[in-house]
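Trainee: Please walk me through this one, and spell out the cut-offs as you go.

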Amino acid sequence: MLDRDEMLPLGDATLGWAFASSRVGSSHVRTGKPCQDAYALWSGAISGRPCLIASVADGHGDDRHDQSQYGAALAVRAAIEEMIGLQTNFGDVGVSSKLINSFKTDFPRRLGRRWREAVIADARSRLLLVGSEENWENSDLFLRYGTTLLATMVVGNILLVGQIGDGETMLLRHDGIVDFPLRCENEDVGVVTDSLCSAEAHLRWRTATLDSSQGGLVLLSSDGLVNAFSDENQLNTFVRILKDRIQEFGLLRVASSIPGWLDHYSGRGSGDDITLAVIMIQPESEGHAEKQSASEITIHGTGDQS
Amino acid sequence: MSTVPVPDVGPITQRALQFFWIADYSGSMSGKKIAILNQAIREALQPVRDAVAAHPEVSIMMRAIKFADSAEWHVGPDPVSVEKFVWPELSQAGGTSTAQALRLLAGELTKEKMPPRGYPPVCILVSDGFCTDPPEEYEAAIAEIVRLPWGKRAVRLAIAIGDPADYDENQLLKFVSHSEVGVLKADTPQKLINYIRWASVAASVGASVGKSKAGGSGSDSLNVILPAPPAEPAVTSNNLDVF
């Protein structure tokens with residue numbers, strides 16, 4: 001039997017494994033604020049194809065976003081549901097182009113709609129707010145639930161990654177290179193970020209489709225981790241050491257240690273909530289799955305272009 | 001089960017908040033104005049230190065630009081931790097080259113020079129007179145600051161000293177990031193002391209709360225939120241004194 005502080009990764013032996021942790025930031029502990037981050041993981045098989053999904057959200061901490069921890073929780077759930085829907089509708093072998101296209105073109109809009117519906121339902125049931133849907137659309141309700149969102153899905157040899165707002169999506173490739181496939185040159189500086197509650201939020205998404213056939217390590221993190229490091233080198237070093245630690249100590253022990261690591265970085269660095277989701281993608285075995293053209297990287301929908 | 005050691009990525013440092021004083025030491029600042037300015041900034045340092053003590057993840061790095069006939073560093077260009085920052089005595093001389101000072105500031109707010117993961121910088125401009133640089137230079141300096149991502153997101157406040165007839169409020173207002181605050185008008189020594197303390201503390205705390213906010217294009221109104229400036233000081237025999 002596992003100890004209380006041990007964490008079991010989830011996943012599929014042929015595809016890969018995932019684990020995650022969300023920790024309240026040291027500055028939140030001092031001020032009695034809750035953790036406003038959230039994550040969700042999902043592993044399953046749809047039409048016999050194993051699939052791994054992870055999402056991370058960081059609710060805005062400002063007082064105007066007083067429901068943002070719920071907004072983050074609703075966002076990660078919406079991401080999982082939309083990804084499952086994507087795979088269900090377009091995930092059959094041989095139709096990967098439809099999956100990729102739908103992810104690029106429809107996913108941000110559909111997810112935004114699902115999140116807003118969930119926010120309205122939550123406001124009605126938990127905050128006991130009343131009024132028509134039209135009224136909600138023009139109110140500051142969504143601002144109160146504002147959150148960033150990062151989401152990824154691995155299926156076959158395709159890796160889909162999407163992100164709105166800050167945080168970091170990282171891929172440690174099999175050759176040791178750390179990629180940041182969703183980096184944006186025009187990223188906002190300071191404490192302002194794009195958000196699911198932003199106007200025209202679906203245009204502010206950045207998405208990419210990558211080839212995962214060689215395996216690798218995918219990390220989704222809220223900005224609390226990124227801001228704990230003083231520069232890019234430290235972040236790269238962290239990613240590489242994480243992989244080394246997994247090889248040396250095993251997935252279970254590393255996964256169980258992650259909460260302590262995040263507390264360490266928050267306490268000494270950012271002070272912010274930190275959430276980290278990790279997916280270790282198995283390299284594709286010979287003869288496994290069909291070859292698909294999934295090496296294209298497409299980034300679209302930054303806020304500055306909208 | 002024993003825990004796996006935390007990855008050692010090198011020294012984990014606090015996030016930096018870059019703080020700039022931009023202080024006028026033109027000839028018109030002579031006498032009481034410059035003396036009170038020196039006193040007020042020195043007295044504001046400890047409240048700033050105290051305020052950010054509640055945010056140990058924040059490191060305030062301070063420097064100062066002074067301007068008269070030209071602009072130059074009073075403390076800098078290398079920033080100094082607020083814990084070690086000392087305000088050297090400023091004495092008056094010459095004209096009011098505000099535009100040059102703002103150019104110097106803009107040069108420090110570039111992505112290359114600002115820490116990538118820092119907090120929004122705080123810039124406090126204190127002046128008592130009309131800019132003596134050509135108007136187009138002033139406009140260009142303001143445009144340059146606002147064009148820079150860090151300049152746009154900076155908390156920019158202006159404190160005007162003395163009689164409103166002696167300075168151009170609209171000109172100073174162009175520097176200010178928070179229209180709801182406007183130009184802080186210090187026509188008495190007590191107001192100057194109050195505003196310098198308020199501006200330095202409120203801007204430091206506001207910029208360092210470490211929270212993400214919904215933004216995107218057209219969201220300037222969603223920048224760092226500041227509390228209201230202090231009310232007019234109560235009338236006492238001391239603060240009936242004017243510049």
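Mentor: Two strands count as paired if DSSP finds at least two bridges between them, and the elements themselves are DSSP runs numbered from the N terminus, with helices (H or I) of at least four residues and strands (E) of at least two. This is a predicted model, in which local features need pLDDT of at least 70 and side-chain atom pairs count only at pLDDT 80 or more, while totals for chains, interfaces and linings use all residues. Residues are numbered from 1 along each chain as its sequence is written, chains are lettered from A and ligands numbered from 1 in the order in which they are written, and side-chain values use heavy atoms, with hydrogens and water left out.

Trainee: What's the strand order in the open sheet of chain A?

Mentor: The six strands of that sheet come in the order β1-β2-β12-β11-β7-β8, with antiparallel pairing. At the edges are β1 (10–12) and β8 (178–179) of chain A, each with a single partner strand, so one side of each is left without a neighbour in the sheet. Three bridges connect β1(A) with β2(A), and A:D12 faces A:G16 in β2(A).

Trainee: And how many bridges does β12(A) make with β2?

Mentor: Strand β2 (residues 16–23) of chain A pairs with β12(A) over eight bridges in the antiparallel sense, with A:W17 opposite A:M280. Strand β11 (residues 216–221) of chain A also pairs antiparallel with β12(A), over six bridges, and there A:V218 has A:I279 as its bridge partner.

Trainee: Why is β12(A) called largely enclosed?

Mentor: Of the eight residues of β12 (residues 274–281) of chain A, seven are buried, so the rest of the structure largely encloses this strand. Buried means under 20% relative accessible area, exposed over 50% and partly exposed in between, using a 1.4 Å probe and protein chains only.

Trainee: OK, chain B then: how many helices and strands?

Mentor: Chain B has six helices and seven strands, running β-α-β-β-α-β-α-α-β-α-β-α-β from the N terminus on. Buried residues make up 57% of its 243 residues. Among contacts in chain B (heavy atoms within 4.5 Å) with a separation of 6 or more, 79% join residues 24 or more positions apart.

Trainee: Which residues have the most contacts inside the largest nonpolar core?

Mentor: A nonpolar core is a set of buried Ala, Val, Leu, Ile, Met, Phe, Trp, Tyr and Cys residues joined through side-chain atoms within 4.5 Å. The largest has 49 residues, and those with the most contacts inside it are B:W21, B:L37, B:I60, B:I159, B:L192 and B:I196. Elements of chain B that each supply at least two residues of this core include β1 (15–24), α1 (32–53), β5 (155–161) and α6 (189–207). Apart from it lies another core of 37 residues, among them A:C51, A:M83, A:W115 and A:W136.

Trainee: What does B:A186 touch?

Mentor: Not counting residues up to four places away in sequence, B:A186 touches B:I159, B:L192, B:Y195 and B:F243, among others. B:A186 lies in strand β6 of chain B and counts as buried, at 0% relative accessibility. Its C-alpha atom is 9.0 Å from that of B:V242, which is 56 residues away along the chain.

Trainee: Last one: is A:D194 buried or exposed?

Mentor: A:D194 is buried, with a relative accessible area of 14%, and sits in the loop between β9 (192–193) and β10 of chain A. Its side chain makes a polar contact with the side chain of A:R204 at 3.3 Å. Such a contact is a pair of N or O atoms within 3.5 Å; within protein, one must be able to donate a hydrogen and the other to accept it, and residues adjacent in sequence count only if both atoms are side-chain atoms.
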